[in-house]
Amino acid sequence: MRKTITFILLTVCLLMFSACTSEPSATIDDSDGSVESAGNELTIGVIGMSNFEGYAAKFNAETEREFTVRLVDYLGNGTREAAIARLNADLAVGKGPDIIDFDTVTSRDIYARQGLLRDMSDYFYREFRLDEFYALDLLNSTGPLYFFPSHFCVITAYGSPETFKNMTSWSIDDFARLSSLPQFADTPADTRESFMEKLHTSMIPRWLDLEQGVSRFDDGSFADALRFASTLSDVPYYSDVAPEILIAEGSLLYSEAWIYSPFDIRSIEQAVGGPAAYIGFPTPEGSFGSYMFMYGLTGVNATTKNADHAWEFIRFLLVEDNLINDKAWNGIPVLKSAVQKKVDYLLNPYAEYEGKTIIVNNDGTFEVDGVHQDMTYDPTPYITKSQAETFYSLLQRSNRAYELDTTAYEIMMNVAWRYFSDQCTLEDAVNQIQSRVSTYLSEQYG
């Protein structure tokens, strides 16, 4: 079960995001044939179900394009491990697709560190600045621009303002103190495994620096986290009642939230009966444990002969596709101006209609381009200013990009379970995890 968590999470995210588009499917090549592109074609390597099927269909529907996009599915009828091995083998010998779908390929920083990806800075900085986009600086913190997403969501945690009064984030010590309160005794918010998984993810890169290939599980804070996790149950709590209702009732400490748009802020407020406290996941030092989960995440093959085509497609994802519809939310666009345009519409949905300016009068009647309309309608905004401010605050405060190396995570959890079952001491568990992860990273990163 533990080894399938990441795959299940990825599959659910792809299903949820793919369901947002009604575009026709793109052609996917899952044969064993060549993945190299012709001059009028750009190839994208994917592993199984991919958001890029919808992106490619939209791109290919624009007939003025000088090339088309073809997806090459390395999965076929095999396993994910075999598919990744095939992709890596192609990249190692200078072959492979022009673009890699890092929605379906984990451990992305390994590819950049091994020189398998092309730095696209020369294309990007001809047109844009980093501060025009969300997430790009988090994905490319060392300087070169290897990774470009289209959309993202914010994964965070919230609770009752009464419980988290005057708190904007919280520590593991806070978690231990609050979870021991009697009102939370029958509805534990976490198991040992769920706590460690959330903490591990939010603590990248402190414990596991995948950009530098460095493990720091021996810094002391991990031992404290493992010690606290051992006090939690290994049996998950199930309830037919939604977590936001339990929070409103005061019987659940906190719950995870995936924020795709301001509508999610509104929905949570409606369920809990007022504003929620977005405190993120608990961390050892009490920093804000919240991060961005990417969609449409691309990286360009270092040996591609189609860099111009690759940039045109990336630009389509970054800018053009995000501006096509200024009202629909299929995740949060990385382009800041597109986000602002969408939020402004939610705050004032009746400012314009069919290209005409609308002004609503106090009596409910309205003017269309200065012409009075003798009829009324409800001009109530879709969201409140407070909900918009909460949404923007989460975007500003979420300063990590989601990343999970499945091998390192499995090493951590396999040893952690030995400690939880009293098969080794805390000191031995920490030393084993540090040693094994360091060896793994050395093999992968060199």
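Which residues of helix 8 are buried? That was my starting point today, working from a predicted model.

**Entry 1: helix 8, burial.** I went along helix 8, residues 192-202, and noted the buried ones: Arg 192, Glu 193, Ser 194, Phe 195, Met 196, Glu 197, Lys 198, Leu 199, His 200, Thr 201 and Ser 202. That makes 11 of its 11 residues, so the helix counts as mostly covered, with buried meaning under 20% relative accessible area.

**Entry 2: helix 8 against helix 15.** Next I checked the packing with helix 15, residues 406-420. The angle between the two comes out at about 145°, and their axes lie 11 Å apart. I have the crossing down as right-handed. From helix 8, the residues in contact are Arg 192, Glu 193, Met 196, Glu 197 and His 200. Their partners in helix 15 are Tyr 409, Met 412, Met 413, Trp 417 and Phe 420. Sorted by class, I get six nonpolar residues, one polar and three charged in this contact.

**Entry 3: Pro 282.** Then I looked up Pro 282, which sits in the loop between strand 9 (277-278) and strand 10 (291-295). Buried or exposed? I wrote down buried, because its relative accessibility is 3%, against a cut-off of under 20%.

What does Pro 282 touch, leaving out residues up to four places away in sequence? My list reads Trp 170, Ser 171, Ile 172, Phe 175, Phe 195 and Leu 199. Phe 195 and Leu 199 are also among the buried residues of helix 8. For the pair Pro 282 and Phe 195, I noted 87 residues of separation in sequence and 9.1 Å in space, C-alpha to C-alpha.

How values were computed. Residues numbered from 1 in each chain as written. Predicted model: local features only at pLDDT ≥ 70, side-chain atom pairs only at ≥ 80, totals over all residues. Heavy atoms only, no water. Axes fitted to C-alpha atoms, helices over the stretch in contact; angles between N-to-C directions. Helix = DSSP H or I, 4+ residues; strand = E, 2+ residues; numbered from the N terminus. Left-handed = near helix turned anticlockwise from the far one by under 90°. Contact = heavy atoms within 4.5 Å. Nonpolar A, V, L, I, M, F, W, Y, C, P; charged D, E, K, R; others polar. Buried < 20%, exposed > 50% of the residue type's maximum accessible area, 1.4 Å probe, protein only.
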